[in-house]
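My notes follow in the order in which I looked things up.

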Amino acid sequence: MILRYDRIAMELPPPSDPDPAGAAIVQELMGGRFGEMSTFLNYTFQSFNFRGRQGARPFYDLVANIAAEEFGHIELVATAINTMLTGATPTSNGSTRSPLVTKSPLADVKGLGNPQHFVAGGQGALPQDSNGRPWNGDYVFSSGDLVEDLTHNFFLETGARNNKLKVYEMVDHPAARALTGYLLVRGGVHQIAYARALENLTGADLTKLFPTPRIPTDKIPECKPHIERGDHVRLYRFSPGDYQELAAVFNGPNPETGEELVVVDEAPEGVPPRDLPPQPAVFAPDYAPEEIAEIATKLRQQAGLPKEPTGLVADLEEQTKRASRTASSRSKAKAR
């Protein structure tokens, strides 16, 4: 079963200047062959199909646990893409029904990035790569042979880190840079984890046989906070009580820094997500989001819940102010 927390793995900057072209590139980290959907579903199916798991418990625990972290990475990539798309379409022109009263509210995004972000995706992330091609289930490799699967996983993480570095070098939007900085560090941990598992099984040290990619994360500004916190040597256990045998595999020195690898016996705390504002031009969540908010408030009251939403968001104070401004403007419009 999956236990989900309403948090994201790390803090991303708030929306700034929209970058639809950059968002289309970041899609590679979502639905590309080496994207987060691939890492998540490769490890997930390998854990589902793992036979004789009790006899090989440390290796099963490793694959299943990393799969859980990858699910969170999918959400993080989607959050970055959505942040980069926020504000790309008009949200106000003086009308409570704007921007539908304009003749062509989406004209300015024509030819920018992936048109499906606006036509089919509600100005949000899609399960596609940077060319707009859908993620493909053929990217999943689950042979049943433990050594073969772990070897595949090592090279999958290698390709994923290479792609993250290229996206970092191609897209300078703050959300994209923060995202790739974090994922480069965490992908390095997973790369080491699979290498250590293979070394324990076969005696072969893949970090020496295939010294690639040598990514100088300590020189990348967006990686440094995560390294200083120690996330380059930590493998978190994403379960209240299961997958206890990770330390039997994930141990010894980090092959790049020499620091001791550590299993943290709890999931990272994470941070509340930002409540990204509605984008009425693409009906996200509707052309009149304030009406949905009114209906939700009434439903909460009828159910005996607090009048204000119970969920926590990073920018709760700003959301409260925005809701107050919306209510005030609608009251004035009715008075007129």
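The residues in the contact of H6 with H7 divide into 14 nonpolar, nine polar and four charged, where Ala, Val, Leu, Ile, Met, Phe, Trp, Tyr, Cys and Pro count as nonpolar, Asp, Glu, Lys and Arg as charged, and the others, Gly among them, as polar. I noted that H6 covers residues 146-170 and H7 residues 174-202, and that they pack at an angle of about 160° with their axes 9 Å apart. That angle makes H6 roughly antiparallel to H7 (angles under 35 degrees count as roughly parallel, over 145 as roughly antiparallel, 65 to 115 as roughly perpendicular and the rest as oblique). The axes are lines fitted to C-alpha atoms, for helices over the stretch in contact, and the angles run from 0 to 180 degrees between N-to-C directions.

I kept the basis of these notes in view: this is a predicted model, in which local features need pLDDT of at least 70 and side-chain atom pairs count only at pLDDT 80 or more, while totals for chains, interfaces and linings use all residues. Residues are numbered from 1 along each chain as its sequence is written, and side-chain values use heavy atoms, with hydrogens and water left out.

For the overall picture, I recorded 11 helices and two strands in the protein chain (DSSP runs numbered from the N terminus, helices being H or I of at least four residues and strands E of at least two). Of the 336 residues of the protein chain, 45% count as buried (under 20% relative accessible area, with exposed over 50% and partly exposed in between, using a 1.4 Å probe and protein chains only).

Next I looked at H3 and H6, whose axes come within 10 Å and cross at roughly 165°. H3 and H6 are therefore roughly antiparallel to each other, and H3 passes H6 in a left-handed crossing. Glu36, Asn42 and Tyr43 of H3 are among the residues making the contact, as are His152, Leu156 and Lys164 of H6 (contact means heavy atoms within 4.5 Å). This contact divides into two nonpolar, six polar and four charged residues.

Which residues touch the most other members of the largest nonpolar core? Among its 33 residues they are Leu12, Val26, Leu76, Val77, Met84 and Leu179 (such a core is a set of buried Ala, Val, Leu, Ile, Met, Phe, Trp, Tyr and Cys residues joined through side-chain atoms within 4.5 Å). H4 gives the most to this core, with eight residues. Not counting residues up to four places away in sequence, Leu76 touches Ile8, Ala9, Met10, Leu12, Leu179, Tyr182 and Leu183. A second, separate core of 27 residues includes Val189, Ala195, Val233 and Phe250.

I then checked Arg196, which has its place in helix H7. Is Arg196 buried or exposed? At 16% relative accessibility, Arg196 counts as buried. Leaving aside neighbours within four places in sequence, Arg196 is in contact with Val249, Asn251 and Leu261. Arg196 and Gly252 are 56 residues apart in sequence and 8.6 Å apart in space, C-alpha to C-alpha.

Last, I looked up Ala293 in helix H10, which is partly exposed with a relative accessible area of 41%.

Definitions and conventions. A crossing is left-handed if the near helix is turned anticlockwise from the far one by less than a right angle, and right-handed if clockwise.
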